[in-house]
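Please open the structure in a viewer and keep the sequence at hand. The stops below are given in the order in which they may be selected.

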Amino acid sequence: MGNVLAFLERRDGRIGGAALEVMSVAQRVAIGLGGSAHALVLGGPGASAGVGELARFGAAKVEVGEHDGLAEYTPEAYASVLVERARQGGYAAVFLSASAVGRDLAPRLAALLDVPLATDVTAVEVVDGRLRVERPVYSGKAFAQIEIDASPALVSMRPNAFPATESAAAGTVAVFTPAVDPAALRTRVVERKLASRGAVDVSEATTIVSGGRGMKDAAQWHLLEALRDALGPDVALGASRAVVDAGWRPHAEQVGQTGKTVAPKLYLAVGISGAIQHLAGMRTAKTIVAINRDADAPIFQVADYGIVGDLFEVLPRLTAEIKSLRAGS
Amino acid sequence: MRTIVCLKRVPDTETRIRIDSSGVKVDPAGVKYVISPYDEYAIELALRAKEAAGQGEVELVTYGEPAAQEALRKGLAMGADSALLLTGEPGLDGLATAKTLAAELRGADAPLVLFGVKAADDDLQQVGPMFATLVGRACVTGVASFTLQADKVTCEREVDGATEVVEAQLPAVLTITKGPHEPRLASLKGIMAAKKKPLVEKPAAASPARVRILALREPAPRPAGRIVGQGPDAVPELVRLLRDEAKAI
Ligand SMILES: Cc1cc2nc3c(=O)[nH]c(=O)nc-3n(C[C@H](O)[C@H](O)[C@H](O)COP(=O)(O)OP(=O)(O)OC[C@H]3O[C@@H](n4cnc5c(N)ncnc54)[C@H](O)[C@@H]3O)c2cc1C
Ligand SMILES: Nc1ncnc2c1ncn2[C@@H]1O[C@H](COP(=O)(O)O)[C@@H](O)[C@H]1O
């Protein structure tokens with residue numbers, strides 16, 4: 001049997017973009033394996049609202065586990081429900097997103113199922129009924145093509161590396177109530193600080209406006225914020241390590257070797273020199289734009305488009321041009 | 001109180017990676033090795049926990065080639081008390097690595113076992129939570145700093161643009177990310193002291209890998225970019241290119 005399970009995350013009450021990428025790949029792999037793709041969604045009561053939509057992205061069946069104890073992501077509760085479903089369904093492959101939740105959840109699931117895990121994969125294909133995936137190693141300085149010799153093959157997919165393609169399937173919805181025992185959980189969230197609900201995480205944004213030491217100080221970030229707002233939704237702010245170490249921006253925004261690895265459609269590097277550890281985090285962006293006053297800065301070697309100039313002159317103009325483009329369209 | 005830190009020896013982040021003639025391995029010639037960056041943060045937090053408690057030991061554990069001794073000595077020079085080298089060849093199967101470490105450390109008398117969030121060579125981001133699951137410890141990932149109490153550990157962790165404070169029951173596994181405390185540099189005194197600290201080496205009870213590397217390849221080179229122009233006057237052309245050519249806005 002070649003059925004495939006896609007674990008889809010809900011965020012802020014809905015299924016997000018990265019989840020549709022996971023669903024689309026699961027569907028493509030299911031076809032390759034001669035089976036069908038099922039979706040699993042977990043959440044609090046009412047989580048099933050709107051999941052019928054997933055049919056458009058290839059879900060033959062959508063299972064929704066609703067429980068008060070699943071309203072927020074809780075590693076042990078989510079892992080126990082997911083492992084149960086993965087076992088019962090006898091799946092050939094299980095896909096998740098390599099999002100913050102996926103990175104926390106997938107290894108636990110792997111250990112519980114006793115199967116290896118391919119993390120952060122950027123390509124998936126079925127060859128002779130087996131799954132072959134490609135994933136970056138050495139922070140993207142190389143790619144490894146690997147074959148997993150276990151069932152189910154467990155894969156977490158890098159956000160933004162796959163298109164979300166529409167392809168209709170039956171999409172029957174089945175809601176179930178999993179057994180969740182809050183008393184059995186050994187970790188507990190006691191506080192959430194600065195929880196900017198709805199803010200786009202840098203690793204999942206489709207566009208990133210990233211600032212480096214060239215920004216001079218934290219007070220100048222309003223220039224990048226204005227550009228972000230002009231560019232529209234799904235845009236996140238990023239930062240170089242120099243900026244994070246100086247305390248101008250939180251580490252959550254750092255891109256690179258000791259920060260996040262990102263693959264947005266558009267990456268704007270503003271006042272960033274392009275050190276190898278920074279490039280490690282963003283070199284797979286589809287389009288890279290660099291703004292730097294030093295024409296010899298290494299960032300220009302990876303940039304598709306560059307402007308040599310003072311960012312304090314270029315940024316306001318760029319924001320204004322993009323605003324007028326948006327207003328005109 | 002003992003704190004265990006699992007660390008890995010990896011190529012320096014400045015290193016150029018060359019694929020050898022086998023096509024499935026990296027050519028080790030000329031590669032300089034370091035402790036994986038996040039593991040250095042883990043050592044730093046372990047040393048701070050010991051200093052805060054005023055007692056205890058920090059033990060380093062690695063599974064790798066005999067040459068990983070050098071990385072352990074460096075950690076000892078930072079201030080760790082003892083080190084264990086399980087000799088063998090870890091690969092791209094993180095679960096096999098986690099099992100190998102679990103075979104040695106299951107039931108270890110240490111309230112905390114620390115890992116880095118990800119190793120800078122294979123980028124798996126999985127060995128810590130797998131180890132925790134295998135040995136039945138609570139686990140918090142992406143921890144920037146923590147405070148240890150008698151029966152629990154309170155962690156600051158990073159999530160999508162916010163920070164969470166999470167309490168975990170002991171014994172626990174924490175995977176450490178870059179946080180407010182930069183790893184200390186080894187002092188000359190530390191380096192001298194490290195030479196006399198216990199470093200035990202023994203063969204690992206290795207678990208077989210179930211992930212096979214078919215090929216390693218270099219990333220496709222990015223097509224040559226272009227300088228659109230100088231200063232703010234280049235902006236309209238940049239916007240036009242982003243819209244019409246790159247279709248990025
Ligand atoms: C183990 C390790 C891990 C690391 N991890 C990371 C990581 O995850 N991410 C990361 O980013 N770095 C990382 N680094 C650090 C990295 O080596 C660089 O030090 C860092 O990326 C530099 O940041 P920057 O480009 O902002 O600053 P700089 O290198 O100082 O560059 C500033 C740039 O701004 C330009 N500039 C200045 N003023 C203006 C102006 N008015 N207008 C236009 N341009 C201007 C300058 O020409 C210069 O190119 C790591 C290093 C190590 C050793
Ligand atoms: N061979 C190893 N020996 C000891 N610890 C390891 C080994 N491999 C990984 N680790 C630990 O697990 C963390 C995450 O590694 P990885 O899952 O490979 O990205 C590392 O930062 C180390 O703390």
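Over all chains, the structure holds 45 salt bridges, a salt bridge being a side-chain nitrogen of Lys or Arg within 4 Å of a carboxyl oxygen of Asp or Glu. The model is a predicted one, in which local features need pLDDT of at least 70, side-chain atom pairs count only at pLDDT 80 or more, and totals for chains, interfaces and linings use all residues. Residues are numbered from 1 along each chain as its sequence is written, chains are lettered from A and ligands numbered from 1 in the order in which they are written, and side-chain values use heavy atoms, with hydrogens and water left out.

Select Arg85(A) and Glu63(A), which form a salt bridge whose closest N and O atoms are 2.7 Å apart. This pair links distant parts of the chain, 22 residues apart: Arg85(A) belongs to helix α2 (residues 75-89) of chain A and Glu63(A) to strand β5 (residues 61-66) of chain A. Helices (H or I, at least four residues) and strands (E, at least two) are DSSP runs, numbered from the N terminus.

**Ligand 1**

Next, select ligand 1, which lies between chains A and B. Around ligand 1 there are 28 residues, and Ser240(A), Gln254(A), Thr258(A), Ser273(A) and Asn292(A) come nearest; a residue counts as near if one of its heavy atoms lies within 4 Å.

In chain A, colour α5 (241-245), α6 (276-282) and α8 (311-328), each of which supplies at least two residues of the shell around ligand 1.

**Ligand 2**

Move to ligand 2, which 20 residues surround; Cys6(B), Asp39(B), Tyr63(B), Ala119(B) and Gln126(B) are the closest. Which side-chain atom lies 2.4 Å from an oxygen atom of ligand 2? It is a polar atom of Asp39(B). An N or O atom in the side chain of Asp122(B) is 2.9 Å from an oxygen atom of ligand 2, and a polar backbone atom of Gln126(B) is 2.8 Å from an oxygen atom of the ligand. The protein covers 99% of the 480 Å² of accessible area that ligand 2 has on its own.

In chain B, β4 (57-64), α3 (94-105) and β6 (112-116) each supply at least two residues of this shell. The largest share, three residues, comes from β4(B).

**Backbone details**

Select Ser151(A) and Pro152(A), joined by a cis peptide bond with omega of about 0 degrees. Pro152(A) is in the loop between β10 (142-148) and β11 (153-157) of chain A. In chain B, a cis peptide bond joins Leu170(B) and Pro171(B), with omega of about 0 degrees; Pro171(B) is in the loop between β9 (162-169) and β10 (172-176).

Finally, select Lys216(A), which has a positive phi of about 80 degrees although it is not a glycine. Lys216(A) lies in the loop between β14 (207-211) and α4 (222-231) of chain A.

Conventions
A polar contact is a pair of N or O atoms within 3.5 Å; within protein, one must be able to donate a hydrogen and the other to accept it, and residues adjacent in sequence count only if both atoms are side-chain atoms. Accessible areas come from the Shrake-Rupley method with a 1.4 Å probe; for residues, only the protein chains shown count as cover.
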